[in-house]
Amino acid sequence: MNREMDHKWDFRQIIRKELEYTGIDMTISEWLVHESVIDEIVLSIRPEIHEGRIHPYGVLFTESLEDLERYEMSPIPPEGLQRARKMVDGKEWYLLYDREHFYGMVRFPVTQSLEMQMLRRFPARGGLMINRNENGQCRFYQGDAMIIHDRRNWIRKSDVKNTVTTVASCVPGLDKKTFQLLLEFANYLVSPVDGAGGILIWNYQSQNGDESNSGLGNRFSLLNESHLNPILNLVVNSDGAIRISRNGELIESEIHIRYSSKSARVIPDFKGTRHTSSIRHSYDHSEVIVITISEDGPVSVFINGANITALNLESLHQMTRKARFAHPKEKEKISSIEIRHHCLNCERISMIEAVKFEGKNNVFSIKCPTCGIGIAPLSAFRLQIKPFAGSSNSSDRKKEV
């Protein structure tokens, strides 16, 4: 008996470490390491099979029940926990814990996808949301990235909000609300469909009046939640890309995108045919943002021939503030600078952002984020480079921040 308990505890420790490594922070609240939380996680990823099927499942641990007052909550005494576990379906009904204490069940209105439901129903003050589907695949959500567990493999899906912030730093004047809805559609509706990929071409700079209709009679829009399923079916059941207007409306579908000989020369191959076509198309058409969904799930964003999702950016203000915080006695020696760089190979603009620290700078070797050609080494304390979709200027420009 003791050996069984030791084995169970060892597995709990393994799961805790795996969650932390993939992005779930079990130290953000002391109650997250409680035995009841770990037990539910273990039960979720090691389901009992009843009559040859896996029972879909859902659990929500919330920092405060007040965040769920607008939903239907059903209190259940502790002795009813086992029965409640058999009643929840991870779609409409979830087990509900007030921190580490079992409370009962909570009912959510069903949305277009489980991932979007987790995103939109997650409590404002935090917690942990777990969902298991009928195939045994589990999703964990803690308010940022989605973590997926599938047959002892862990997959981390990027945080949509962080991607929006990164792209907005490269595209002045970006309509962040519409872009976030497009990314949510790609990440939480298209991406979970097994074996389905797709390409969304967003005409983010064009004027709405200049865009033709899709020929469907109605204006189908990704900003209208009731239109998401028809557009999803169009994406996963069609070859080619779909084109989206500046305000999120469907313009055209089944586009076989092409790219120029120049883009083939300056933009290296990227992954497979779908991604290479997408990144080169974005180079040829600076007025669009191309969102590409792989058949195995990951979502990439391409602008001006650059892969934005590969970037790990901070704002220049954040970089400077961190340096001054770490060296408070020398903060007067710390400054920041922007350098606009024009690449002669791909003819695209990049923005180099650097923190300077008198007496402590290093020499950095950097490459053009579009074509990968090396740029002259620069001296800085911290440095990053990003594509820039603002107005072009063939001469480098320095600006003290």
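Student: What share of the contacts with a separation of 6 or more comes from residues 24 or more positions apart?
Tutor: Those residues account for 59% of such contacts in the protein. Keep in mind that this is a predicted model.

Student: Okay. How many helices and strands are there?
Tutor: The protein has 10 helices and 22 strands.

Student: And what does the C-alpha trace span along its principal axes?
Tutor: About 75 × 65 × 40 Å.

Student: What percentage of the residues count as buried?
Tutor: 51% of the 401 residues do.

Student: Let's do helix packing. At what angle do α5 and α6 cross?
Tutor: Helix α5 covers residues 160-170 and helix α6 covers residues 176-190, and their axes cross at roughly 135°, coming within 10 Å. That angle makes α5 oblique to α6.

Student: Is that crossing left-handed or right-handed?
Tutor: The α5 and α6 crossing is right-handed.

Student: Which residues meet there?
Tutor: From α5 you have Val-160, Lys-161, Thr-163, Val-164, Val-167 and Ala-168. On the α6 side they meet Lys-176, Phe-179, Gln-180, Leu-183, Glu-184, Asn-187 and Tyr-188. By type, the residues of this α5 and α6 contact split into seven nonpolar, three polar and three charged.

Student: How does α4 sit against α6?
Tutor: The axis of helix α4 (residues 114-121) comes within 8 Å of the α6 axis, and the two cross at roughly 130°. So α4 is oblique to α6. On the α4 side, the contact is made by Glu-115, Met-116, Leu-119 and Arg-120. The α6 residues in it are Leu-181, Glu-184, Asn-187, Tyr-188 and Leu-189.

Student: And how do those divide into nonpolar, polar and charged?
Tutor: For α4 with α6 there are five nonpolar residues, one polar and three charged.

Student: What about α6 with α7?
Tutor: Helix α7 spans residues 228-236, and α6 packs with α7 at an angle of about 70°, with the axes 11 Å apart. Because of that angle, α6 is roughly perpendicular to α7. Here Phe-185, Leu-189 and Val-190 of α6 meet Leu-228, Ile-231, Leu-232, Val-235 and Val-236 of α7. The contact of α6 with α7 has eight nonpolar residues, no polar and no charged ones.

Student: Switching to rings. How many aromatic pairs does the structure hold?
Tutor: It holds 11 aromatic pairs. One of them joins Trp-31 and Phe-61, with ring centres 6.4 Å apart and planes at 35°, so the pair is tilted.

Student: Where do Trp-31 and Phe-61 lie?
Tutor: Trp-31 is in the loop between α1 (2-22) and α2 (35-45), while Phe-61 is in strand β3 (residues 57-62), so the pair ties together parts 30 residues apart in sequence.

Student: Is Trp-31 buried or exposed?
Tutor: Trp-31 is buried, at a relative accessible area of 5%. Phe-61 is buried too, and its value is 0%.

Student: Tell me about Phe-140 and Trp-154. What is the geometry of their rings?
Tutor: Their ring centres are 5.8 Å apart and the planes are at 40°, so this pair is tilted. Phe-140 lies in strand β8 (residues 138-141) and Trp-154 in strand β10 (residues 153-157), so they tie together parts 14 residues apart in sequence. Both Phe-140 and Trp-154 are buried.

Student: Now a couple of single residues. Is Lys-86 buried or exposed?
Tutor: Lys-86 counts as exposed, since its relative accessibility is 69% and the cut-off is over 50%. Lys-86 is found in helix α3 (residues 81-87). Its C-alpha is separated by 24 Å from that of Ser-64, which is 22 residues away along the chain.

Student: Last one: what does Ser-169 touch?
Tutor: Leaving out residues up to four places away in sequence, Ser-169 touches Leu-313 and Lys-386. Ser-169 lies in helix α5, and at 28% relative accessibility it counts as partly exposed. Ser-169 and Arg-132 are 37 residues apart in sequence, and their C-alpha atoms are 36 Å apart in space.

Conventions: Residues are numbered from 1 along each chain as its sequence is written. This is a predicted model: local features need pLDDT of at least 70, side-chain atom pairs count only at pLDDT 80 or more; totals for chains, interfaces and linings use all residues. Side-chain values use heavy atoms; hydrogens and water are left out. Axes are lines fitted to C-alpha atoms, for helices over the stretch in contact, and angles run from 0 to 180 degrees between N-to-C directions. Helices (H or I, at least four residues) and strands (E, at least two) are DSSP runs, numbered from the N terminus. Angles under 35 degrees count as roughly parallel, over 145 as roughly antiparallel, 65 to 115 as roughly perpendicular and the rest as oblique. A crossing is left-handed if the near helix is turned anticlockwise from the far one by less than a right angle, and right-handed if clockwise. Contact means heavy atoms within 4.5 Å. Ala, Val, Leu, Ile, Met, Phe, Trp, Tyr, Cys and Pro count as nonpolar, Asp, Glu, Lys and Arg as charged, and the others, Gly among them, as polar. Rings of Phe, Tyr and Trp (its six-membered ring) pair if their centres lie within 6.5 Å; planes under 30 degrees apart count as stacked, over 60 as edge-to-face and the rest as tilted. Buried means under 20% relative accessible area, exposed over 50%, partly exposed in between (1.4 Å probe, protein chains only).
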